Amino acid sequence: MSRRRVAQRAAPMRAPTEQVVSKADGAWNIRPIRGSGSAKEYRCPGCAQPIRPGTAHLVAWPVEKALLSAAAIDERRHWHTACWARKH
Ligand SMILES: [Zn+2]
């Protein structure tokens, strides 16, 4: 006689996956932003078009900070996912 109990396990809340990608201008950290996580409008440097609030996109910042910036994190740029993919 088996008594099976299905454990109700909540999926752990994980930080969104960050990864490092190499582009022609260096290594970038990227982090995907879900549409639900974006409430602001950003301008995509790839196409110069706005990224509407609620649009899934990604944020990228250089692994090595630029000479005059206090921190690489200040150089975050929001990209359309497709524009980032086209970037070399
Ligand atoms: Zn774009």
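Predicted model: local features only at pLDDT ≥ 70, side-chain atom pairs only at ≥ 80, totals over all residues.
Which residue in S6 is the bridge partner of Ala60? The legends below work towards that residue, beginning with the whole chain.

Figure 1. The chain contains 6 strands and 1 helix. Follow the elements from the N terminus and they come in the order β-β-β-β-β-β-α. Of the 88 residues in the chain, 10% are buried. Take the contacts between residues at least 6 apart in sequence: 46% of these join residues at least 24 apart.

**Figure 2. An open sheet of 4 strands.** Walking across the sheet, you meet the strands in the order S1-S2-S5-S6, and the pairing is antiparallel. S1 and S6 (77-79) stand at the edges; each has a single partner strand, so one side of each has no neighbour in the sheet. From one strand to the next, the twist averages 35°.

**Figure 3. The hairpin of S1 and S2.** Here S1 (residues 19-23) and S2 (residues 26-33) run antiparallel and are joined by 5 bridges. The hairpin connects S1 to S2 through 2 residues. Two pairs make handy landmarks in this view. Gln19 stands opposite Ile30 in S2, and Val21 stands opposite Trp28 in S2. How many of the 5 residues of S1 are buried? The number is 0, so S1 lies largely in the open. Ser22, which lies in strand S1, is an example: Ser22 counts as exposed because it has 9 C-beta neighbours inside 10 Å, and the cut-off for exposed is 12 or fewer. Ser22 and Val63 are 41 residues apart along the chain, and their C-alpha atoms are separated by 9.7 Å.

**Figure 4. Glu18, in the segment before S1.** Is Glu18 buried or exposed? Glu18 is exposed, because 11 other C-beta atoms lie within 10 Å. Leaving aside residues up to four places away in sequence, Glu18 touches Asn29, Ile30 and Arg31. For Arg31, the C-alpha separation from Glu18 is 4.7 Å, although the two are 13 residues apart along the chain.

**Figure 5. S5 between its two partners, S2 and S6.** S5 (residues 57-62) pairs with S2 in the antiparallel sense over 6 bridges. On this side, Pro32 stands opposite Leu58 in S5. S5 and S6 also run antiparallel, joined by 3 bridges. This brings us back to the opening question: the bridge partner of Ala60 in S6 is Arg77. When you inspect the strands, keep a general point in mind: in a regular strand the side chains alternate between the two faces of the sheet.

**Figure 6. Gly37, in the loop between S2 and S3.** This view moves to the loop between S2 and S3, where Gly37 is found. Gly37 is exposed, because 11 other C-beta atoms lie within 10 Å. Gly37 and Pro53 are 16 residues apart in sequence, and 8.8 Å apart in space from C-alpha to C-alpha.

**Figure 7. Ala48 and its positive phi.** Ala48 lies in the loop between S3 (42-43) and S4 (50-51). Its backbone deserves a look: Ala48 has a positive phi of about 60°, although it is not a glycine. For context, most residues other than glycine have a negative phi. Ala48 is exposed, since 8 other C-beta atoms lie within 10 Å.

How values were computed:
Residues numbered from 1 in each chain as written. Pairing = 2+ DSSP bridges. Buried ≥ 20, exposed ≤ 12 C-beta atoms within 10 Å, placed from the backbone. Contact = placed C-beta atoms within 7 Å. Axes fitted to C-alpha atoms, helices over the stretch in contact; angles between N-to-C directions.
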